[in-house]
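Please look over the model below before reading the notes on its salt bridges and one of its sheets.

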Amino acid sequence: QVQPVESGGGLVQAGGSLRLSCAASGRTVAIYAMGWFRQAPGKEREFVADMRWIGGTTSYADSVKGRFTISRDNAKNTVYLQMNSLKPEDTAVYYCNLRSTSSPGMYYWGKGTLVTVSS
């Protein structure tokens, strides 16, 4: 089983920064893309950012453009989310996902890491 494992969440003041990491563990697969969703209390899970492994094409939600940056370390099968200028509305559990080249429509999910932004 493929298992993304997140780290780096925590408590930060508004305007601050955090960097999340997500490493692919478990069964080795060829990665098509890795990315992040988030779920705030009482809300549905929403897309944040993702990155195609070949070529490095990135996509961002409008709400985080210009503040968040997704990057990867191919050798470590790890994706990062640098979050700057954090706002209280960024408070959520952040979930990493991985898609393999053999099944690009199937998402493997991590267990999530909590980010809390205080005002």
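This is a predicted model: local features need pLDDT of at least 70, side-chain atom pairs count only at pLDDT 80 or more; totals for chains, interfaces and linings use all residues.

Residues are numbered from 1 along each chain as its sequence is written, and side-chain values use heavy atoms, with hydrogens and water left out.

**Salt bridges**
- The count comes to five salt bridges, each being a side-chain nitrogen of Lys or Arg within 4 Å of a carboxyl oxygen of Asp or Glu.
- D90 and R38 form one of them, with their closest N and O atoms 2.9 Å apart.
- D90 lies in the loop between β8 and β9 and R38 in strand β4, so this pair ties together parts 52 residues apart in sequence; strands (E, at least two residues) are DSSP runs numbered from the N terminus.
- D90 also meets R67 in a salt bridge (2.7 Å, N to O).
- Shared partners join R38, E46, R67 and D90 into one network.

**Burial**
- D90 is buried, with a relative accessible area of 1%, and R38 is buried at 6%; buried means under 20% relative accessible area with a 1.4 Å probe, protein chains only.

**Sheet**
- An open sheet of four strands has the order β1-β3-β8-β7, with antiparallel pairing; two strands pair if DSSP finds at least two bridges between them.
- Its edge strands are β1 (2–7) and β7 (68–73), each pairing on one side only.
- Six antiparallel bridges connect β7 with β8 (residues 78–83), and T69 stands opposite Q82 in β8.

Technical notes
Buried means under 20% relative accessible area, exposed over 50%, partly exposed in between (1.4 Å probe, protein chains only).
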